[in-house]
Amino acid sequence: MTEEMIGADVVARHNESRLAALRTDYESLGERLDRRGIAIDDIRDRVAGFSVAVPSWGVGTGGTRFARFPGTGEPRHIFDKLEDCAVINELTRATPNVSLHIPWDKTEPAKLIEAGERLGLGFDAMNSNTFSDAPGQAHSYKFGSLSHTDRATREQAVAHNIECIEIGKAIGSKALTVWIGDGSNFPGQASFAKSFERYLSAMKDVVKALPEDWRVFTEHKMFEPAFYSTVVQDWGTNYLIAQELGPKAFCLVDLGHHAPNVNIEMIVSRLIQFRKLGGFHFNDSKYGDDDLDAGAIDPYRLFLVFNELVDAELAGAEGFHPAHMLDQSHNVTDPIESLMVSANEVRRAYALALLVDRNALSAHQDANDALMASETLKQAFRTDVEPILAMARLEAGGAIDPVAAFREAGYRARVAAIRPAVAGGSGGIV
Ligand SMILES: [Mn+2]
């Protein structure tokens, strides 16, 4: 029996007053979609089957390079974090898995398994951390980790990644995500070729430790914390890495890790075409790696990314099973609310992409009718699919309006009473 953080009775009370309006809206949308030859129940079922993993580090408030402002009732440790993650899944029914970060979440695997079972949560990709120094570690990552000039530092970083795999094996994870902060801040500081060579060699040692049924995701990022160059800079470099590391290696696309205005949906298409798309860190940004909630700034871009994903899904693209994860950092919102909104936005983009008339789009492309091709996408994007998302949640036991239900339940105040405010805590922008 899964332990409830919010309670089915609270959710049912919340839904009761909204049920009639939802039924009417769903029926009305169903009629309109029917005229376009789309069965609304099919879209609802696909949406219900779509999940996105929540990052354990996302439930704490993040911060900027300048300051961190802790929120009330912040999780003290991984078990508090898992309870917050369970709240998100209880209300959205879209996030049954949590992605852990080591060493932030390091504890006995048996206790993680017990907490996961108790809260009805599974574990998604493991995340290693060689972009900051853990207390007491022998060698500093100040000047890099897997690409460091010093062999002992590289070996320490490899050993840490292998430890993440070992913990992941014990708790049922099937993937390792590696993001490094390695790079340089000044021209001439590092040899591009030698650092990349050292990185590849170290990653090959990590890959050797992967179980047969595991995948490794490497995450590119064009800047920060290094501002002149990064070792795993862009999707091209990432693709080279996946090629070099072999069949278990795939590229992870974090939406905030590109230059402004880069055509991310085209990158996604390329990686799908060459069977190297591993998965996503969904978030949104105005300028750089802002780590805002998914769809907060440019929901159309999120839709265009999903347009490529749905295209591949419907075409049955070989080896296509990307991992969907959120990666965001909160400064001014309640992290639980933000993560629920993001999970909902990712599902919305998926639902909208399912509405695209692909035969029409293909015909317009072949006829070089740019306007109608664009309008075909816009027609799908302009649809308000909220009734579909709400119905999928409702039928799975979730809330019609997750944020309202969360506020009604008084969860934050309840945990604030037992979780003292902390100045530190783990969380960050990765
Ligand atoms: Mn990320």
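Where is E74 found, relative to β1 and α4?

**View 1. E74 in its loop.** In this predicted model, E74 sits in the loop that joins β1 (54-55) to α4. E74 counts as buried because 22 other C-beta atoms lie within 10 Å, where the cut-off for a buried residue is 20 or more. T92 lies 18 residues from E74 along the chain, and the C-alpha atoms of E74 and T92 are separated by 20 Å.

**View 2. The two sides of helix α5.** Helix α5 spans residues 109-119, and its buried residues are L112, A115 and L119. These residues cover an arc of only 65° around the axis, which means that they lie on the same side of α5. An α-helix has 3.6 residues a turn, so residues three or four places apart point the same way. A110, E114 and E117, by contrast, are exposed on the other side of α5.

**View 3. The cover over α5 and the residue that follows the helix.** The elements that cover the buried residues of α5 include α4 (78-92) and α6 (151-171). Just after α5 comes G120, which takes a positive phi of about 70°.

**View 4. The annotated span, residues 96-291.** An unreviewed UniProt entry carries the annotation "domain: Xylose isomerase-like TIM barrel" for residues 96-291. In the model, the C-alpha atoms at the ends of residues 96-291 lie 21 Å apart, and the span is 36% helix and 16% strand.

Key: Residues numbered from 1 in each chain as written. Predicted model: local features only at pLDDT ≥ 70, side-chain atom pairs only at ≥ 80, totals over all residues. Buried ≥ 20, exposed ≤ 12 C-beta atoms within 10 Å, placed from the backbone. Helix = DSSP H or I, 4+ residues; strand = E, 2+ residues; numbered from the N terminus. Arc of directions from axis to C-beta. Contact = placed C-beta atoms within 7 Å. UniProt positions renumbered as here; feature names shortened; annotations may be inferred.
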